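Good morning, and thank you for coming. I shall ask you to look at the structure on the screen while I guide you through several of its features.

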Amino acid sequence: MPTSPADAEPRLGEILASADRDTRYGELAARTPVTRGRYVGDVEVWLITGHDEIVTVLNDARFSSDLTGQDRIPLPGAGLPDDLRTALTSTLAAYDPPDHTRLRRLVSHAFTARRVQRLRPRVEHIVDALLADLPAHVDAVGTVDLMEHFAHQLPILVIGELLGLPPEEQQQWRTSAEGLTSGDPARVTTDARNLIVYMRKAIAERRDPQYTADDLLTALVRARDSGDRLTEDELVSTALSILLAGHRTTALLVRTMAVLVLTGALRPGVAGIPDLVEEILRRHGSAEIGNLRFAREPVELAGATIARGDLVLVVLASGNRDRRRFTDPDAIDPARPDKAHLTFGHGMHYCLGAALARTMAEVALAALFRAAPRLTLHRDVFLQTTDPGSTALSVRMTTEQDS
């Protein structure tokens, strides 16, 4: 009997390349919570799609984040020279305890909730300034790209200010960041080196006793615990992960919020902004999948036997649609009492930048509601997108003179 599409092993590459990933994640959520699938490159992998099962994997020491212990796929950054690979991959996402515990403790000393709270007035100022500046970017046909001139710029400016990186240098590191995902090995190596050199220079400046600025990168340089400090590679890798991962995910989230507002799917006044943001994060969060892990030993999970050495991938977007956990999960319901979405991970792998992402999202959403009467989508758009570099969001603006 031929295998139907619903019974076939899901292929992650096809899902990520789909124009309608939203439907594909819903299909995954409807399957058994632990299912065999294929990773990019046709590598066999266990896809964990159930909410509770994802929580188990993210908190179970039998699943390792340190891919040096497996031989099924090349290591992250395998095509790079050793010095570049180490400087890019010495992150929390690639560590298991006790190294993970040590690094997270050190980073947490610097990346505090208080530091993010102090930044909120600056986020509000940046959001207002970006929206006020949109008319300066209107093109010859009367449209402006809200992705380029708002969604992209917000995290670039906010995270750059958080780390203490001058705004005039944003294009320098953004161009290199885009090169890392270009698929061109020569460009990847060149831009990886450019980013690392750039960050090492910024770190060296902060080691000068005369440097007195109170920014996150300075706090990371000075963070210590019982005499322990971040290594040079950990400093570079942590700073770059905050800069790059926070930029991409926040830009896509702000774009999604803009689409929801401008299509009328969200309306002001129906709920508090924080509750709306939590539901958007659950339903349309930019972090759709987690990092690959592998089983250190055999594990029984939801009726499946995961063998020692098997690769495991948590599908956060499907866990957030799990009908066993969320009633009517396809709906954006700000009154939903269960806020336990998985967009920022869980447990010891919970995203350190979650508070900053929420702050930017809440401020941006409130501003989009205020600006919505003057903005109209220029063409139909997809909510689900893969590449933030190709997700233009063209809108027409109505000025006061037009109204």
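I begin with helix α8, which covers residues 153-163. Please bear in mind that this is a predicted model. Nine of the eleven residues of this helix are buried, so α8 is largely enclosed by the rest of the structure. The buried residues are Q153, L154, P155, I156, V158, I159, G160, L162 and L163. A residue counts as buried when its relative accessible area is under 20%. Just after α8 comes G164, which takes a positive phi of about 90°.

Let us now step back to the chain as a whole. How many helices and strands does its secondary structure hold? The count is 15 helices and twelve strands. The chain has 403 residues, and for that number a compact globule would have a radius of gyration near 22 Å; the chain has 22 Å, so its value agrees with the rule. Along the principal axes, the C-alpha trace spans about 65 × 60 × 40 Å.

Burial can also be stated for the entire chain: 49% of the 403 residues are buried. The accessible surface comes to about 18500 Å², and carbon and sulfur atoms account for 53% of that surface. As for contacts, consider those between residues at least 6 apart in sequence: 71% of them join residues that are at least 24 apart.

I turn next to empty space inside the model. Rolling a probe the size of a water molecule over the atoms shows where such space is left. The structure holds one cavity of 30 Å³ or more, and about 40 Å³ of space lies in the largest cavity. Which residues line the largest cavity? They are E278, E279, R282, F326, D338, K339, A340 and H341. Sorted by class, this lining has five charged residues, two nonpolar and one polar.

In the loop between β3, residues 63-64, and α4, residues 82-89, you will find L75. Is L75 buried, exposed or partly exposed? With a relative accessible area of 29%, L75 is partly exposed, because that value falls between the limits of 20% for buried and 50% for exposed. Leaving aside neighbours within four places in sequence, L75 is in contact with L67, T68 and Q70. By contrast, the C-alpha atoms of L75 and R118 are separated by 38 Å, these residues being 43 apart along the chain.

Further along is the loop between α4 and α5, the latter covering residues 99-110, and P98 is found there. A cis peptide bond joins P97 and P98, with omega of about 10°.

At 43% relative accessibility, A302 counts as partly exposed. Where is D328 found? Its place is the loop between α14, residues 316-319, and α15, residues 354-371. At 45% relative accessibility, D328 counts as partly exposed.

Thank you for your attention.

Key. Residues numbered from 1 in each chain as written. Predicted model: local features only at pLDDT ≥ 70, side-chain atom pairs only at ≥ 80, totals over all residues. Heavy atoms only, no water. 1 Å grid on protein atoms, 1.4 Å probe; cavity = no way out; pocket = protein on both sides within 12 Å on 5 of 7 lines; lining within 4 Å. Points joined across faces, edges and corners; volume = space filled by probe spheres on them. Nonpolar A, V, L, I, M, F, W, Y, C, P; charged D, E, K, R; others polar. Helix = DSSP H or I, 4+ residues; strand = E, 2+ residues; numbered from the N terminus. Rg over C-alpha atoms; globule rule 2.2 N^0.38 Å. Buried < 20%, exposed > 50% of the residue type's maximum accessible area, 1.4 Å probe, protein only. Contact = heavy atoms within 4.5 Å. Areas by Shrake-Rupley, 256 points an atom, 1.4 Å probe, with all protein chains shown as cover.
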